[in-house]
Amino acid sequence: MDLSRFPRRRYTEGFTPLEPMPRFSAALAATCPGGRGPEVWVKRDDMLGLAPGGNKTRKLEFLVADALARGADTLVTCGAPQSNHCRITLAAAIREGLKCRFVIEERVPGSFSEDANGNHFLFRLMGVEDLVVVPAGTDMAAAMQRVADELVAAGRKAYIIPGGGSNALGGLGYVACAQELQQQGFDQGVRFDAVVVGSGSSGTHGGLLAGFLGERFDVPLIGIGVSRDPEQQAPLVLREAQAVCDLLGLDLRVPTEAVRCVGGYWQPKYSLPNARMIEAVQMLARTEALILDPVYTGKILAGLIGLAREGVFAAGQRVLFLHTGGLPGVFAYTDVLLGRTGEVAP
């Protein structure tokens, strides 16, 4: 697949590391049937460029290039109060000399606070031009269009980036990741039995799936839902993967069986903590000194841990965890992650 025909900005030097996690694997095995578990590796997309790293960087390389080609002076995007995507979009805007505005969806009533730490603090520190807070269920596309229209009326030119950067153009970032992963596996002499990724707005999961199919990279790709269970999530991933394939001009239909989604690890609700997430965050921090965020990567690794304990991953199988970043989020959940709060969902 030739990505060179698409405009692209480069925010990362070289490939992100592909590393084994022997201490985590040993700790996980001790909790699996028979005391044996999979060999877990990590793809360090938390080390992508744009402070302080994360998967949205790959998508923004293509989206921001398109915005610049269209003469935009302001990026407009949306997300939740602790949105990693909003934070990285703001970082990209700063790097390019653009302004940036957000529409923030308060998905959990009362969760937005002007005094919040984590990503919200970084929004203010890095100088977001403006943000509008709207209630859960708001038509986010329409809300962003209203912001864009206000900018046009003021003589400016906005470029709207969908939540998570999840559209076909943004998905090219994870086609590039699939190519990178295939090359790294060859260079390091490593092959995986499964790849575990987060599945939310579907851009990362769908783009990576399109890349796997286009490159004939025959490794099962398993998406752990962070906001929906499979019956709602799988159609979104299928649609995203197909849109990316179509944009690339690939003559293929994405088979429904290639879309593998796992639910049950994101409850009680998007962004609300549960005990399995806390265990996963603490386990990785205390075995590999890698930090996960409570909303996304913590619940994704909790899913990998759960699948290993259920025997879905056989002892000795090599499983890759895609670490998509989110470090600032931990600072908005410090009491939860250190066990200083009251009851947490199981």
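Me: Which element gives the most to the lining of the largest pocket?
Reply: In this predicted model, that is α7, with three residues. The largest pocket holds about 670 Å³ of space. Of the 36 residues lining it, the closest to its centre are R107, G164, G200, S201 and Y296. Elements that give two or more residues to this lining are α2 (56–69), β3 (74–79), α3 (84–96), β7 (194–199) and α7 (203–214).

Me: What classes of residue make up the lining of the largest pocket?
Reply: There are 10 nonpolar, 19 polar and seven charged residues.

Me: Why is C32 called buried?
Reply: Buried means under 20% relative accessible area. C32 has 6%, so C32 is buried.

Me: And why does C261 count as buried?
Reply: The cut-off is again under 20%. C261 has 17% relative accessibility, so C261 is buried as well.

Me: How do you know how many disulfides there are?
Reply: A disulfide needs two cysteine sulfur atoms within 2.5 Å, and by this rule the count is zero. Take C261: the nearest cysteine sulfur, that of C245, is 15 Å away, so C261 is in no disulfide.

Me: What makes a space a cavity, and how many are there of 30 Å³ or more?
Reply: In a cavity, a 1.4 Å probe fits but cannot get out. One cavity of 30 Å³ or more is found, and the largest cavity has about 40 Å³ of space.

Me: Which residues line the largest cavity?
Reply: They are Q82, N84, N119, D293, P294, V295, Y296, G329 and Y333. By class, four are nonpolar, four polar and one charged.

Notes:
Residues numbered from 1 in each chain as written. Predicted model: local features only at pLDDT ≥ 70, side-chain atom pairs only at ≥ 80, totals over all residues. Heavy atoms only, no water. Buried < 20%, exposed > 50% of the residue type's maximum accessible area, 1.4 Å probe, protein only. 1 Å grid on protein atoms, 1.4 Å probe; cavity = no way out; pocket = protein on both sides within 12 Å on 5 of 7 lines; lining within 4 Å. Points joined across faces, edges and corners; volume = space filled by probe spheres on them. Nonpolar A, V, L, I, M, F, W, Y, C, P; charged D, E, K, R; others polar. Helix = DSSP H or I, 4+ residues; strand = E, 2+ residues; numbered from the N terminus.
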